[in-house]
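Visitor: I would like to take a close look at one part of this structure, and I would be glad of a careful walk through it.

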Amino acid sequence: MDQRRFLVFFTLSMGIWFVWLHFLVPVVFPIPPKAPDAAVKPVDDNAPAGDSQQDHKHQGQKPKGASEDAKPEIAPLAQHDDKIVWLGPAGDSDQQKLDEYFLAVKLDSRGAAVDSIQLTDKKRYPAIGRRDQRVRLVGSDDATAPRTFELDVPAIDSSLLKDQTLDRVSWEVAQQTSNSVTFRLQAADGSWELSKHYEIKRLTDAELKQPKVRDTLAGGYRLALSVTLKNLSERPQELTYSLRGPVGVPLEDQDNSYKYRDIRMGFVRDDGITIDESKLSISEALKKTKNKKPEISRRPVKYVGVDVLYFAALVLPQGDQLKERTVAQIDAVVIDENKQNSSFSDISFNLTSPTLTVPANGEIKHEYQLYAGPKLKELVQQVSAGAVMDYGWFDSICRGMVWLLNTFHAIGLSYGLAILCLTVMVRTVLIPLSKHQAMHAAKMKELQPKVAARQKELEAKHGKNTEEYIKASQELVAEQSKMMLGGCLPMFLQLPIFIALYRAIGSSIELRMEPFLWFQNLAAPDALFQFGFALPLLGWTEFNLLPCVSAGLMYVHQKFTMPPPTNEEQAAQQKMMSFMMILMAAMFYRVPSGLCLYFIATNIWSMTERWLLERKAKAAALNPAPSPPPIAPGNPPQLKKPSPLLAWWNQMVQAADKDSKLKRGGQENTNKPNDRKNKKNRDNGWGS
């Protein structure tokens, strides 16, 4: 019967691990994306040598909303050269520009859209796996993909552009400086003039002297956009427009990441101050678009953007959205669906304006800001988007651990050594739990022979597989479970700390691309060497040493603390636990190397701590403490009242040990011989 329960438990465990691994492991043989068709490249007078320009869609597309019927002839648009415009430093040669700008924005006159946005701090925010390149926060490798801040005006596209669309026609570069540019386009019939003005912040000398300015000044990571719709006719006209959100927000190290692209939103309540936070996952966005119901919300929006593990690209409509709405509707958009793994798909959104009535010879101007930067608390709070710092259930513990890591790093330690110091602090705080767990394990070792003797006595008395034997065995198992509860309680109390540390190390941008020992990124697996192929079923392409070392130490720790088996059931159970160590190693094979570093330090600490506690217990048994002096009559001892924390801890220990304490041989029996409880204890073999 016990063997059957073990088999059921083992089968269920294998099923759970298989499902988990099935959703975590990447696709073994992903299909490479098709190369885009060659197209005419725009001229970039400001681009550095070696900087490749992206191609564009071929012209001649059918205009949006066009019918098959013949249309009146429309005068052709004025032709403008295709140009690439850089705001901020285009290359890395001008150190002064690298200091003055946080962003380098690449704009394309075709569609007057954002081609890419890069961070200029290449030392702190390099590209994953390429320390000699900047990290790109916005922009797609696919030249035919939509681009950030593309404009779609159906009234103009369908009737005034003559077989062209606003997102592909070349706009005129009307005005340009080192940190701003204005694009302008006039409809073929002269009834409308559209303009898009982009600008980024250039830091002043006073701002450059501020300490940690890149971690505290969110304005340096903002790209401002002004959309102006000018009515050149002699009568009022109505239109609506749609603005594309961020495209190509990087999904870094996607094979090992636990977080993918999400659409983050903050909606303004009626009081104009409180913000309701919301999130749309990649799976939900795909479902909405496939069901042809892309609408997300019509509420007044404070911010909306794409959120990934370390960075965020958030669009903030300017002005009072309660009094005068800039955005009437938000729709989810799938930019590129990954057929092999849908979680890797690229998503964005469209911001649709309300119906606008532009007076004769008048204009309407809407302003937006795009925050494209790291997910640091001081920065995202300045754009009222603190919800993107999502650490899960144990948010407060995670933030405390990140603060400790940054504190250790501030005194000159590397983040690898900071993790080791954090391990020492955590294990020091948990010494009372570890001591209780060690004492309970020692008790279990002493009681194992009695449990085995009781099992044999039941077999001899009732015989195996009889109803009486099964009933008595169940009672014995229940007693053992109560005893084990006292030892499991400290482990459950440590679980929140473990989960919080996992989230803190896995999502802290401070550890991104931070080297230690032989591995180059504490927030990713250590990747000692490449296999050169993908392992079948698992999809592993590199050998990670730290998870293997962690699993080996966990196995040694288990053998060090687990008492020897006294029967076949316990032997089978311990074999299963040893096999589970292999599954644990597979499950944690792709966790960040910083977390494996914590595992290794914790196991070494635990084994050393257990050895010292057992040595101290043996020394105390050989040299018992002297008896306390007798208390004088009429002078009772003054007991110190325990602190609330110590009182709570004593209650927890008593609750855990209340039902698990066994009466040992020779224990004084103060109850009556005919007491039913004592009789039951003697019948079960626990009494004297």
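Which residue is the bridge partner of Glu 172 in β9?

Guide: In this predicted model, the bridge partner of Glu 172 in β9 is Arg 184, and this pair belongs to the contact between β8 and β9, two strands that run antiparallel and are joined by 4 bridges. A hairpin of 3 residues leads from β8 to β9. Of the 7 residues in β9 (residues 180–186), 5 are buried, that is, under 20% relative accessible area, so the strand is largely enclosed by the rest of the structure.

Strand β10 (residues 192–200) pairs in turn with β11 (residues 222–231), in the antiparallel sense and over 9 bridges, and Leu 223 in β11 is the bridge partner of Ile 200. These strands belong to an open sheet of 9 strands with antiparallel pairing, in the order β8-β9-β10-β11-β22-β18-β17-β14-β15. The edge strands, each pairing on one side only, are β8 (172–176) and β15 (275–280), and from one strand to the next the twist averages 20°. Helix α6 (residues 282–290) packs on this sheet, where it touches β14 (262–268) and β15, and its direction makes about 75° with that of β15.

Conventions. Residues numbered from 1 in each chain as written. Predicted model: local features only at pLDDT ≥ 70, side-chain atom pairs only at ≥ 80, totals over all residues. Heavy atoms only, no water. Pairing = 2+ DSSP bridges. Axes fitted to C-alpha atoms, helices over the stretch in contact; angles between N-to-C directions. Contact = heavy atoms within 4.5 Å. Buried < 20%, exposed > 50% of the residue type's maximum accessible area, 1.4 Å probe, protein only.
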